[in-house]
Amino acid sequence: MDLSPVRVRFAPSPTGRMHLGSARTALYCYLLARRTGGTFILRIEDTDRKRYVEGAEQELIDGLHWLGLDYDEGPDIGGPYGPYRQTERREIYQKWADELVERGRAFHCFCTPERLEQVRQEQQKNKQNPRYDGTCRDIPLEEARRRAANGEKHVIRFKMPREGQTKAVDVMRGEITWEYSQLDDTVLLKSDGLPTYHLAAMVDDYEMKVTHVIRGSEWLSTFPVHVNVIRALGWPEPVWMHLSVFLKPSGKGKMSKREAAEAVKDGHSIFVMDLKDLGYTPEGVLNWIVLMGWGVAEDDVMSLDDMINRFTTDNLNPSPAAINFAKLDHFNGTHIRLMQADDLAGRIKPFFEREGYRVDNAKLLKIVPLIRERLVTLDDCIPFAGFFFKDDVSPLPQDLLAKDLSPAQSADVARKALAILEALPEISHPSAEPPLRQFVEEAGLHPNQVFGILRVAVTGQKVSPPLFESMEIIGRETVLARIRRAVDMLSGL
RNA sequence: GCCCCCAUCGUCUAGCGGCCCAGGACGGAGCCCUCUCAAGGCUCAAACAGGGGUUCGAGUCCCCUUGGGGGCACCA
């Protein structure tokens with residue numbers, strides 16, 4: 001791979017929520033830019049005002065920031081080639097559309113949408129490929145300009161050659177060939193004066209000196225249109241990469257709305273900002289998506305910096321990839337375990353607060369080592385450690401029963417353990433474990449029978465962080481009070 | 001229907017003609033550790049879609065078939 005500095009852009013349209021596919025495209029753009037010491041640009045492709053969604057641009061920006069994919073030029077921070085929002089660049093597209101018309105490579109088309117729709121249906125009925133029928137293709141330029149000047153509604157279409165073939169190179173796939181007979185006179189400028197993607201993106205990439213285009217493979221079919229527009233204008237061609245699509249977990253087809261909803265049901269989502277709320281970390285998400293379409297032989301746990309150092313366009317994978325949420329869970333848990341205690345504490349604190357707990361930082365820092373290797377997502381801190389911040393716990397009586405022991409026997413065990421702990425001036429891991437273990441042994445019980453009762457008594461739950469460490473954090477008086485209460489409950493069974 | 005793309009374990013992938021009776025990771029199974037749940041360690045099962053070529057030799061190159069995906073808008 002050539003390592004000279006690139007200029008790449010992530011160019012989403014603000015028409016919906018930021019999903020995994022966008023995130024991966026952005027990530028690869030970012031990696032290539034950072035790897036080569038190049039520039040990463042954010043450009044908003046908002047030329048479709050019908051599909052424009054309020055707030056979508058902000059979610060895109062938030063998503064990139066959350067993931068840590070900082071861009072060097074963009075709508076909110078500016079840059080030398082702005083503006084970076086296409087609706088703010090209309091005159092530029094106008095100018096180049098005119099240039100194409102001037103060069104005889106584009107033409108005014110006055111056909112109404114209704115007529116075109118009719119033609120399309122006719123063609124389909126006759127089993128022909130739907131395509132522009134060329135009605136306005138040969139209107140003399142002066143006449144066309146006169147009609148346009150008179151305010152007649154029109155679009156500008158690219159005048160695609162009628163015969164022969166055209167070729168273009170995608171780095172992942174090599175050379176691709178199309179017959180011109182299969183290509184259409186694509187609309188470049190809409191009747192509202194705004195450009196379509198096919199013009200806008202090419203113009204902006206040229207004006208913004210983009211050297212490498214990384215985009216989704218849904219653009220592969222219009223790829224020949226794009227290279228023809230660029231060549232008609234005599235512009236230098238960027239390096240092209242069309243990333244594979246993400247398939248739903250079953251591998252059968254693209255992620256659908258229904259599928260997306262299904263994912264949410266079991267705690268997952270294909271939307272970046274949902275993942276944040278669900279307790280996923282940028283590290284986990286990034287590590288997960290970077291490996292979908294780009295493979296490494298070994299050592300697949302990577303930080304963003306690792307990815308930058310290792311990324312290369314040489315082994316990008318063109319085949320579609322099925323989304324596998326189990327793998328996200330794995331990477332998320334792995335990165336959580338890799339975090340420094342204070343870092344992790346800072347990240348789970350908002351999740352406790354979201355549940356309404358008042359969080360003491362010093363206490364939180366003591367809890368982190370106890371739960372770190374148990375968290376798959378950050379919000380798992382609630383089931384594992386929520387009780388640390390509760391004034392009281394409410395164990396289920398039947399949960400207090402030890403395996404193979406009657407209520408009376410369980411109560412007896414609890415009473416004896418209580419006595420042992422009451423004899424201690426303070427309850428800590430080192431002070432509490434030896435005498436309790438000794439008791440277990442002398443009583444001929446299984447450790448779990450004794451510790452299980454205490455766990456439920458003290459934490460209120462059957463699954464918890466390690467018992468002695470937990471008791472130490474909770475504190476002697478509270479621990480004793482809770483065990484006394486458990487003794488009472490057991491006696492009443 | 002037409003055009004284009006893709007094809008290695010269930011999934012994500014390594015492999016760019018001999019280093020591969022195919023490596024890693026997730027998931028699965030088993031064992032160990034163990035106060036619960038995890039984490040961790042060890043072990044196992046699991047793939048080159050099929051058929052033709054090319055070559056001394058093919059997962060790797062070519063063709064066909066099959067399967068999958070994307071697209072066929074005044075949407076991106």
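The model is predicted. Its largest nonpolar core has 58 residues. Those with the most contacts inside this core are Ile348, Phe352, Ile371, Phe388, Leu421, Met471 and Ile483.

Eight helices are listed here as giving two or more residues to this core: H13 (341-354), H14 (361-371), H15 (381-385), H16 (407-422), H17 (429-443), H18 (447-459), H19 (467-474) and H20 (476-491). H18 gives the most, with seven residues.

Another core lies apart from the largest one. This other core has 55 residues, among them Phe10, Phe246, Trp288 and Met307. In soluble globular proteins, nonpolar side chains tend to be buried together.

**Aromatic contacts**

The count of aromatic pairs comes to 16. One of them joins Tyr357 and Phe389. A pair of aromatic rings is described by the distance of the centres and the angle of the planes. For Tyr357 and Phe389 the centres are 6.3 Å apart, with 35 degrees between the planes, and the pair is tilted. Tyr357 lies in the loop between H13 and H14, and Phe389 in the loop between H15 and H16, so the pair ties together parts that are 32 residues apart in sequence. Are these two residues buried or exposed? Both Tyr357 and Phe389 are buried.

Tyr28, Trp294 and Phe311 form one aromatic cluster.

| Arginine | Ring | Distance to ring centre |
|---|---|---|
| Arg147 | Phe110 | 4.1 Å |
| Arg157 | Tyr132 | 3.9 Å |

In the Arg147 case, the charged end sits over the ring of Phe110. Arg157 lies over the face of Tyr132.

**Strand S1**

Strand S1 spans residues 7-10. Arg7 and Arg9 point one way from S1, and Val8 and Phe10 point the other way. All of these residues are buried, the arginines included. S1 pairs with strand S2 (residues 39-42) in the parallel sense, over four bridges. Which residue of S2 does Phe10 stand opposite? Phe10 stands opposite Leu42. Phe10 also belongs to the core of 55 residues.

Key
Residues numbered from 1 in each chain as written. Chains lettered and ligands numbered in written order. Predicted model: local features only at pLDDT ≥ 70, side-chain atom pairs only at ≥ 80, totals over all residues. Heavy atoms only, no water. Core = buried A, V, L, I, M, F, W, Y, C linked by side-chain atoms within 4.5 Å. Buried < 20%, exposed > 50% of the residue type's maximum accessible area, 1.4 Å probe, protein only. Phe/Tyr/Trp six-rings, centres within 6.5 Å; stacked < 30°, edge-to-face > 60°. Lys NZ or Arg CZ within 6 Å of the ring centre and 35° of its normal. Pairing = 2+ DSSP bridges.
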